[in-house]
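Thank you all for coming.

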Amino acid sequence: MLSVFKSIPTHMDYKGQKLAEQIFQGIILISAVIGFVYGLIIQQFGWTVYIVLAGFAVSCLLTLPPWPMYRRNPLPWQPVAPEASGEPTQKPQESIKRKKHK
Amino acid sequence: MNTVLSRANSLFAFSLSVMAALTFGCFVTTAFKDRRVSVDIHVSKVMLKNVDDFTGPRERSDLGFITFDISADLEPIFDWNVKQLFLYLSAEYATKSNSLNQVVLWDRIILRGENTKLNLRDMKSKYFFFDDGNGLRANKNITLTLSWNVIPNAGILPLVAGSGHVSLPFPEQYEATKSY
């Protein structure tokens with residue numbers, strides 16, 4: 001049962017991860033400010049909590065699933081080497097490339 | 001942030017931190033508010049008995065019966081940081097054996113959203129007004145005060161005394177009702 005969930009691709013590239021983090025931090029902060037001001041005006045702290053929870057739900061929808069906007073800058077991997085002759089020379093190049101992108 | 005669980009963890013932790021900061025902000029907006037309100041207490045009848053007391057070290061102690069009225073408007077105390085008020089009516093007096101006695105006669109919890117205007121008439125005390133001895137008879141000065149404990153959503157629980165109390169003398173003899 002768990003293997004079904006593990007096989008769904010959920011990755012984002014690095015720029016996409018940064019974008020997702022900025023999006024959810026912005027949404028939560030804006031909903032916190034709106035909730036605080038609204039709760040202060042009507043003098044009920046429950047509404048502040050509801051507004052922040054709504055912001056949390058919107059952020060979940062926007063940033064948890066791997067939407068295409070988070071996959072616009074994929075890492076430029078080397079093309080796949082043919083199995084027979086080019087393998088020993090391709091491997092050290094690939095490892096150098098991987099170290100650079102870290 | 002490469003998997004859903006990692007993003008969910010980061011999002012949830014950030015939301016909780018923001019919620020904690022908002023709760024602290026809620027506390028700060030009401031931390032220095034004055035929670036006193038004027039209270040009107042009136043005692044209509046007092047009776048005194050001398051009965052067997054099984055809770056103390058002596059055979060018989062004084063037991064007082066008070067019928068009282070309370071009116072107060074507690075509306076200004078409630079704000080977005082008050083969950084409920086715990087009210088109690090206490091009697092304070094001095095006797096020959098003890099210099100300070102305080103007895104709670106009646107209490108009530110008022111939640112936010114309930115009616116905040118108190119207009120109670122002919123209330124009997126909830127708890128026994130036992131004295132530690134026989135010091136209630138012919139006591140010149142017994143002071144009744146209504147106080148409350150504010151229970152907030154976030155912050156300190158202040159104990160506030162209402163600004164209105166009534167002092168009255170108790171009867172000279174037992175089993176004699178005194179009306180005011």
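What follows is a short tour of strand pairing in chain B.

Please keep in mind that this is a predicted model, in which local features need pLDDT of at least 70, side-chain atom pairs count only at pLDDT 80 or more, and totals for chains, interfaces and linings use all residues. Residues are numbered from 1 along each chain as its sequence is written, chains are lettered from A and ligands numbered from 1 in the order in which they are written, and side-chain values use heavy atoms, with hydrogens and water left out.

Of its 14 residues, 11 are buried, so β2 is largely enclosed by the rest of the structure; buried here means under 20% relative accessible area with a 1.4 Å probe, protein chains only.

Strand β1(B), residues 39-52, runs antiparallel to β2(B) and is joined to it by 13 bridges, pairing being counted if DSSP finds at least two bridges between two strands. Within this pair, B:K49 has B:L63 as its bridge partner. β2(B) also pairs in the antiparallel sense with β5(B), residues 117-124, over 6 bridges, and there B:I70 is partnered by B:L120.

Turning to another part of chain B, 4 strands form an open, antiparallel sheet in the order β4-β3-β7-β8. Because β4 (101-111) and β8 (159-168) of chain B stand at the edges with a single partner strand each, one side of each is left without a neighbour in the sheet. In this sheet, β3(B), residues 82-93, pairs with β4(B) over 10 bridges, and B:S90 stands opposite B:V104.

Methods: Helices (H or I, at least four residues) and strands (E, at least two) are DSSP runs, numbered from the N terminus. Buried means under 20% relative accessible area, exposed over 50%, partly exposed in between (1.4 Å probe, protein chains only).
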